[in-house]
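Morning, everyone. I have one structure to walk through today. Please bring it up on your screens.

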Amino acid sequence: MKKSTILHVFLGLAVAFFSGSCDEGFDEMNTNPVRLTSIDPTFQLNQAIISSSPGYNNLTYETTIVRQMITPFQGVGTGGNLNQDNRSATQGNWQNGYRNIIKNLVDGIENLRDSPERSNLLSIMRIWRAHAFMMLTDTYGDIPYTEAGLGYIEGNVFPNYDSQESIYTDLLNDLEAAVQTLNEANDPINQEIMYSGNIGQWRRLGNSLLLRAAMRLVKVNPSRAQEFATKAINGGLMQSNEDNALVRHNADYRNNVGTNLNGGQAPFYYLDQEFVNFLKSNNDPRLESIAVRYVGAMSGGEQTEANADRSPEAQVGMPQGYDNTTIIPVVEEAGLASLFDYSQLDRRRLGNPEAPNFLVTYSQTLLLWAEAVARGWVQGDAEQLYHDGIRAHMEQMAYWPNDTEIASEAIEEYIQAHPLESGKELELINTQYWVSSFLIGPETWANFRRSGYPVVNPNPYPGSDLQSEDFIRRLTYPDSELTVNFENVQEATSRMGPDILDTRVWWDVNVGF
C-alpha cells in the first residue's frame, strides 16, 4: 500500500473517531463552568438603577446652570461655570445612560418578552427605562429611542434618532401601561434593590414619573399635560419619604460626586451665591445641613475641620462670572481670605462618598401635584400640598449621614412663615422644587427650563459659547456620535436645531422665558 493511501485511511479513521465517540460531551468539556452564559434580568435592572446615580458631570453642568454650585477653575471642570461647550463633559449623561443603563434595560426587557410569568419584572424595567430616557432626551433633545440598545440584539450600531415629541408620546403611554400591569399576585421580585420587590411602591413611583413627564408638556401641549397629570394623580402617587427612589451608596458602591469632592476635586467646587443667599434670606434651616465654610482658608490644604463653620450666618456663596484669576478682587471686596474661603457643599454630609443619591422624591411629587392643583387641573388644596412638599424635603435631610436632621419645630416655623401667595403660586412652588431637587442635577435643570423658576441671574462670564440664550438649554452630542453616526445626527439637528448649547429641546419653548 502506498504511503499516501495509508495516510488517507488514517485521516479518515481519525475524523470518524473525533466526530463519533469523542464528540460525546464535547460541549460540556469546552464550556467554562464559572462564566455566565445568561443573566437574570433582575440583576440588569439593579445595574441600571445603580448606574443612574448622577456623576461628576452633574457638577460641571446641571447644578451650575441652575445656580446651585460653581467652580472658578478651568480645565476638566470647564462647563456651565464658563458657559462653554466642553464635550468631554457634555457626553457624560450619554455615555453612562446608553452604555450602562439603556443597554441593560433594553436587553432585559427583550429577554422577558416571552416570559409572561415574569410580568411584574417586565413592567418595572419599563418604568425605569422611562426614567432613563427622560433624563437623556431632556439633556440632549432628539436621541436614539426606538432603535436604542439594539446593538447586541439586532446588530444595529447606527440607530436613528427619534424626535423628542414622539419620545414623550411613547413614554407617557408606556408608563401608564406599565403601571396598570403591575399586580401583587404575580411574580415576586425580592432581589431588586430599589424597593425589595414592593409592587405598591413601584406603582407609586410609576405614577409619580408619569406626573413628572406630563408636567414637561405644560408649554407645548397643556391639554395632554393635564390629561396625564390627572391620570397619574388618580392612580396614586408617592405617599411618604419611604417611597423615594434613590441609590443607596456604601463602601462597595460609592457616590461619584462624593468621591470627587473628597478627592482631588475637593477645593474646586463651591455653593453658588444665589442659592446661599436665597436660603439665608428665607431663614431656611436646610442651609445648616448643606453648607460648610472653612473660614480663613488660603488653600485647599487649609480646608480642615479645625476651621469649619456650619452656622448659616457664616455662609458666603461664590458669585458666577469669574475664573480663579478674575475672582481675586471680588474675594478681597467680600473680605475673604481667598477663594478657598467661600462656602462649600459639606463633604462629610451631603457630599459624603457614602451619601445616597435621590432621583425621584416624595417632595418633588407633592410640589408637582400642587402645581397641577394651582393650574386648576385637579381638585385639591394647593397650599397644603406646597407645605407638605417643603416639609417632606426638610424631613428627607435626615437620610444623609452625620447629623443633617432638621428639628420639627424649625420645619413648622419655616412653613408658617412661607404661605402660598395668591398670584405667585407657580413661582413659589417651582422655586421650592429647585431647593428640594438640590444635587439631582438633570431634574433640577429640566424643571428650571420647563417652569422658568427660580428667577436667577444668568452667568455673566465674558468667554461664553452661548450665541443667543442667557442660559444653557441643552448639552451637545458626544464626539463619538458625530464620528460614527453622523448621518443620523445630521437628520436630528435638521429637525431640532444646531448642535449647540443654545438650542432648546422640544418642550422648552420660549413662552415668557
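Which residues make a nonpolar surface patch of about 290 Å²? The patch is made by Val-157, Phe-158 and Val-484. Before I go on, a reminder: this is a predicted model.

Stay with Phe-158 for a moment. Phe-158 sits in the loop between helix H9 (151-154) and helix H10 (164-181). Its relative accessible area is 47%, so Phe-158 counts as partly exposed.

Next, helix H8. H8 covers residues 119-140, which is 22 residues. At 1.5 Å a residue, H8 should span 32 Å. The C-alpha atoms at its ends are 31 Å apart, so the two values agree. Is H8 mostly covered or mostly open? Mostly covered: 21 of its 22 residues are buried.

As background, strands of a sheet pair through backbone hydrogen bonds, either parallel or antiparallel. Strand S4, residues 291-294, is joined to S5 by 2 bridges. Look across that pair: Arg-293 stands opposite Asp-309 in S5.

Between S4 and S5 there is a loop, and Ser-299 is in it. What does Ser-299 touch, leaving out residues up to four places away in sequence? It touches Ser-338 and Phe-340. Ser-299 has a relative accessible area of 28%, so it is partly exposed. Gln-95 is another matter: 204 residues separate it from Ser-299 along the chain, and their C-alpha atoms are separated by 34 Å.

Last topic, the backbone. Most residues other than glycine have a negative phi, and most peptide bonds are trans. Here are some cases to check by eye.

Ser-196 has a positive phi, near 55°. Find Ser-196 in the loop between H10 and helix H11 (199-215).

Asp-403 is not a glycine either, yet its phi is positive, about 65°. Asp-403 lies in the loop between helix H18 (382-396) and helix H19 (408-416). Buried or exposed? Asp-403 is exposed, because its relative accessible area is 69% and the cut-off for exposed is over 50%.

Finally, the peptide bond from Tyr-453 to Pro-454 is cis, with omega near 5°. Pro-454 is in the loop between helix H21 (441-451) and helix H22 (479-484).

That's my tour. Over to you.

Definitions and conventions
Residues numbered from 1 in each chain as written. Predicted model: local features only at pLDDT ≥ 70, side-chain atom pairs only at ≥ 80, totals over all residues. Heavy atoms only, no water. Helix = DSSP H or I, 4+ residues; strand = E, 2+ residues; numbered from the N terminus. Expected span 1.5 Å × (residues − 1). Buried < 20%, exposed > 50% of the residue type's maximum accessible area, 1.4 Å probe, protein only. Patch = residues over 30% accessible without salt bridge, like charges linked within 9 Å, V, L, I, M, F, W, Y side chains within 5 Å. Areas by Shrake-Rupley, 256 points an atom, 1.4 Å probe, with all protein chains shown as cover. Salt bridge = Lys/Arg side-chain N within 4 Å of Asp/Glu carboxyl O. Pairing = 2+ DSSP bridges. Contact = heavy atoms within 4.5 Å.
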